[in-house]
Amino acid sequence: MRVRASLAALAGVLCIAAASDPSERLPNPAQEARARTIFKDVRCLVCQNESIDDSQAELAHDLRQIVRQQVKAGKSDVEIKQFLTDRYGQFVLLRPSFDAGNLALWAGPFLVVGLGVVLLLGRLRNRQPEDELSEAERARLQRLSQDGRT
Amino acid sequence: MAEFGAFALILGLALSIAQLGLSAGARVRRSTVLAAAGEGAAFAAFLATAVAFGLLMHAFVVSDFSVANVAANSHTEKPLLYKVAGTWGSHEGSMLLWDFALTAYGAAMALFGRNLPRGLKATAVAVQGGLGSVFLAYTVFASNPFVRLVNPPVEGRSLNPLLQDPALAVHPPFLYSGYVGMSVVFSLAVAALIEGRVDAAWARWVRPWALAAWSLLTIGITLGSFWAYYELGWGGWWFWDPVENASFMPWLVATALLHSAVVTEKRGALPGWTVFLGLAAFTFSMLGAFLVRSGVLTSVHAFAVDPKRGVLLLIILGVTAGLGFALFAWRAPGLSQGGVFAPVSRESALVLNNILLAAATATVLLGTLYPLIREAMTGEAISVGPPYFNLTFMPLMAALALLLPTGPLLAWKRGDALGVSQRLWIAALVALAAGLAVYAMEDPRKAFGALGLALGAWLIAGAIAELVERTRAFRAPALESWRRLVSLPRGAWGMTLAHLGLGVFVLGATFETTWRAEAAETLPIGGALNVGAYHLVLKDVGPIEGKNYDAERAIVAATRDGHPVCVGEPERRLYLAGGQTTSEVAICNRGFSHLYIVLGERRDSASGPVWLIRAYWNPLASLIFLGPVIMALGGAISLSDRRLRIGVPRRREQPA
C-alpha cells in the first residue's frame with residue numbers, strides 16, 4: 001500500500017527531463033543540434049552552476065523553449081545570445097564576454113605563463129657563465145696539468 | 001555520551017595548545033625532554049580527537065536525536081553505512097573529520113619523523129600543534145557537533161538522498177585526508193623557513209607526505225567525479241563547479257610541488273619555490289574548505305545571511321596563510337639558489353611543468369573567484385562556466401601533455417635534445433598517426449577529438465618509451481632487460497605509472513566527450529529506441545520497496561545486431577523522509593565503454609502510460625576514472641620506495 005501511494009506522488013513530481021526530452025525537440029535535426037550547442041553556453045539562472053542543457057528546472061525548460069523558437073525563426077547564435085543578455089544580463093552566459101571588465105580573468109593565466117618563462121630565462125642567463133671556467137681557473141688548470149706531466 | 005564527546009574535543013584543543021607550547025619551548029631551549037613532551041601531546045591530542053570523532057559516530061549509529069547534528073542529518077531507517085557517513089555529512093561533522101585528520105597527521109609526524117633533525121622536527125610539530133589549536137578552537141566554539149537539543153525529536157531529518165551512495169560516503173574521508181595531508185608539508189615548510197635551511201634532505205622529508213596527500217586527494221576527487229557520473233543522471237563527470245574547483249586547486253599545487261621537490265632533492269635547486277608551493281598547497285586546501293563551507297559560492301548574499309562561520313574560517317585562512325607567506329617573504333631571499341642547469345635539461349622541463357601547473361591553478365582560481373570579486377566591486381553578476389575553462393585551462397594542459405614525455409628522458413643539468421628525440425620518435429609517430437587517422441576518417445571532422453587522442457597516445461607511448469629506455473629493451477639481451485625491469489626502483493615505477501595514468505585519463509575524457517551518443521524517447525511497455533549501435537527495448541516497469549525509499553524500476557533489454565548484450569534496471573526513487581526523488585541509472589559495461597540507461601518520469605498518453613527513457617553510449621568512459629586510479633597507485637608505489645624511508649645519508653663532517 002505504502003508503495004502505491006508514494007509512487008503516485010512520484011508521478012506528480014516533474015523531474016528528469018532536461019534538454020533531450022522528446023516532447024521539447026525541434027522537428028528539424030540540424031536546428032535541434034544547433035539549439036543544443038547554444039544550450040551548453042546558457043546558464044540556468046536559478047540552478048547552481050548548471051547549463052540549461054542539463055537542468056531540469058522549470059526556468060531552464062522555458063529558456064530552452066525561447067532558444068528553440070528563435071533557432072526555428074532563423075536567428076543567428078549571436079542574435080539569440082544578445083536577446084538573452086538583454087533580458088537577463090551577462091549572468092546568463094556561461095562564457096564571460098571578452099571585455100575590459102574581464103581582462104584579468106582572460107589574461108591572468110597567460111600572464112602567469114609569461115612571468116614564469118621570463119623568470120626561467122633570467123635564471124638560465126645569470127647562471128650560465130658560472131658553468132664555464134673563468135680565465136684564472138683555466139690558467140690554474142693549465143699549470144696543474146703541466147705539473148703533472150713533468 | 002555527547003558530553004563526553006564535547007569534553008574529549010576540548011581536551012584535544014588543550015593538548016594541541018600544549019603541543020604548540022612544549023615543542024616551541026623544546027626548540028628554543030634545545031631540550032629533548034620538552035621535545036618528547038611535545039610529541040606526547042601530539043599523540044594525546046590525536047587520541048582525544050579520535051575519541052570525540054568516535055563518539056559522534058556512535059551518536060549517529062544509535063540515532064541519538066538529542067544531539068542537534070544527528071537530528072538534522074540522520075534518520076532511523078537509513079542503512080548503517082549512511083548513518084556512519086552522516087558523521088561527516090554536515091558542516092560540524094566535516095570540521096571534526098578535518099580536526100581528526102589534522103591531529104592524526106601531527107601524531108604521524110611525531111612517530112615517523114625519526115630521521116628529521118631535532119630542531120626542525122620540534123618546530124614542525126609545534127606548527128602542526130598551532131594548526132590543530134586553531135581548527136579545534138573553531139570546532140569547539142563555532143561549530144560544535146555535540147550541541148544537545150532540549151526537546152529531542154522522535155525522528156531525524158535524514159541525509160540528502162543524493163548523498164546516500166557508497167562512493168560519496170567514503171569521498172569525504174579521502175578528500176579530507178588529502179587536504180589535511182598538506183598541513184604536514186605546510187608545517188615542514190614553515191619549520192624550514194624558521195631554521196633557515198632548505199636543502200636536498202628537507203625536500204626528501206617533504207616528499208613522502210606530499211605523495212601520500214596527493215594520492216589520497218586524487219582518489220577523493222575521482223570518487224566525487226564518479227559519483228556525479230552515475231548519480232546525477234546524465235553522465236556528466238566534471239562540471240567546473242566551484243566546489244569541484246575548490247578540491248582541484250590543491251591537487252594542481254600538490255602536483256607542482258611533487259615535481260619541484262624532485263628538483264630540490266636531486267639538485268638542490270629551486271628551494272624557495274618548493275617551500276612556496278608547500279605553503280600554497282595547504283593554503284589552497286584551507287581555501288577549499290572555506291569556499292565549500294562558508295556558503296560564499298552559492299552567492300555573496302547567502303554568505304551574508306550567516307556570516308559568523310564564514311568570517312571565522314576566512315580569518316583562520318588569512319592569518320595562517322598570511323603568517324606563512326610573511327615568513328616566506330622574510331626568509332626566502334636568504335635561501336641558496338642551488339645547482340646550475342642548461343636550457344635543455346630535466347630541471348628546465350620540470351620548471352616548465354611548474355609554470356604550466358601554476359598557470360592552470362591561476363585559471364581555476366580566477367574562474368572560481370572572479371565572479372565573486374566582480375559582483376562585489378561592480379554589482380554586476382557574471383558566470384564563468386565550462387566554456388571559459390575550455391579556452392584557458394585546456395590549452396595549458398595540452399602544452400603540459402606535449403612536454404611531459406620528454407622530461408623523464410632528459411638528463412639532469414644538461415640534456416641532449418637530439419638523444420631525446422631519437423628515443424621518442426616512435427611514440428611521436430604513434431601519436432601523430434592515431435590523431436591523423438581519426439581526423440581523416442571522421443566526417444564531420446573532429447579536430448579536438450583527434451588532438452585529444454593524439455595527446456593521450458603520446459603520453460602512454462611516451463611512458464612506455466621511458467621504460468624501454470631504462471631497461472635498454474631491444475638493445476640489450478632480453479634477460480638483461482628483464483633484470484633491469486625488475487630491479488627498477490619503486491619511485492621510477494610510480495612516476496611511470498602516474499604519467500601513464502594521465503594518458504589513460506586523457507584518452508577516456510577525449511572519447512567520452514567527442515563520441516558520446518544520446519537518445520531519449522517516451523516509450524510504452526514493449527517500446528524501443530536506438531543509441532549508438534544498440535537497440536533498447538523497455539520490457540517492464542514495476543514498483544520496488546527499498547529500506548528508506550520506494551521506487552519504480554524499469555527493465556530494459558539491450559541488443560546489438562540482434563544479439564542480447566545486457567539487461568539494465570534503472571530506477572526512480574522517492575525518499576520518504578525528505579520527499580526527494582533521485583534516479584538510479586543502469587550502466588552496462590561494454591569493455592571500457594558504458595551503455596548508460598536512465599528511467600525518467602511516467603507520462604500519460606492516449607494509448608496508455610509511457611515512460612521517458614534516456615540512453616547514452618559513453619565510449620571508453622571507464623578510462624576517465626581508471627586513469628586517476630592508476631595515477632594514485634603510482635603515488636602509493638612510489639611511497640613504498642625504501643629510499644624515501646631511510647632518508648638521505650648524512651653528510652660526513654668536513655675535517656677541520
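**A loop and its surroundings**

Guide: B:Arg414 is found in the loop of chain B that runs between helix 14 (386-403) and helix 15 (417-441), where helices (H or I, at least four residues) and strands (E, at least two) are DSSP runs, numbered from the N terminus. What you see is a predicted model, in which local features need pLDDT of at least 70 and side-chain atom pairs count only at pLDDT 80 or more, while totals for chains, interfaces and linings use all residues. Residues are numbered from 1 along each chain as its sequence is written, chains are lettered from A and ligands numbered from 1 in the order in which they are written, and side-chain values use heavy atoms, with hydrogens and water left out.

With a relative accessible area of 52%, B:Arg414 is exposed; here buried means under 20% relative accessible area, exposed over 50%, and partly exposed in between, with a 1.4 Å probe and protein chains only. B:Ser345, which is found in the loop between helix 12 (307-331) and helix 13 (346-378) of chain B, is buried, with a relative accessible area of 1%. Once residues up to four places away in sequence are set aside, B:Ser345 touches B:Leu410, B:Ala411, B:Lys413, B:Arg414 and B:Gly415, contact being heavy atoms within 4.5 Å. The exposed B:Arg414 is therefore one of the residues that the buried B:Ser345 touches.

Along its principal axes, the C-alpha trace of chain B spans about 100 × 75 × 55 Å, and 58% of its 656 residues count as buried. Among the contacts in chain B with a separation of 6 or more, 73% are accounted for by residues 24 or more positions apart.

B:Ser74 lies in the loop between helix 3 (68-73) and helix 4 (80-86) of chain B and is buried, with a relative accessible area of 0%; leaving aside neighbours within four places, its contacts include B:Phe60, B:Lys83 and B:Arg157. B:Gly449, by contrast, is found in a helix, helix 16 (residues 447-471) of chain B, and counts as buried at 2% relative accessibility. Not counting residues up to four places away in sequence, B:Gly449 touches B:Thr510, B:Thr514 and B:Trp515.

Side chains of opposite charge can pair when their charged atoms come close. B:Glu265 forms a salt bridge with B:Arg204, with the closest N and O atoms 2.7 Å apart, a salt bridge being a side-chain nitrogen of Lys or Arg within 4 Å of a carboxyl oxygen of Asp or Glu. This pair links distant parts of the chain, since B:Glu265 is in helix 9 (residues 242-267) and B:Arg204 in helix 8 (residues 200-231), 61 residues apart. B:Glu265 counts as buried at 9% relative accessibility, and B:Arg204 is buried too, with a relative accessible area of 15%. Elsewhere, B:Arg553, B:Glu569, B:Glu571, B:Arg573 and B:Glu584 are linked in a network of salt bridges.

Over all chains, the count comes to 25 salt bridges. One pair crosses between chains, from A:Arg36 in helix 2 (residues 29-39) of chain A to B:Glu518 in strand 1 (residues 517-523) of chain B, and the side chains meet at 2.9 Å, N to O. A:Arg36 counts as buried at 14% relative accessibility, whereas B:Glu518 is partly exposed, with a relative accessible area of 35%. Between chain A and chain B the count is two salt bridges, and the contact takes 49 residues from chain A and 64 residues from chain B.
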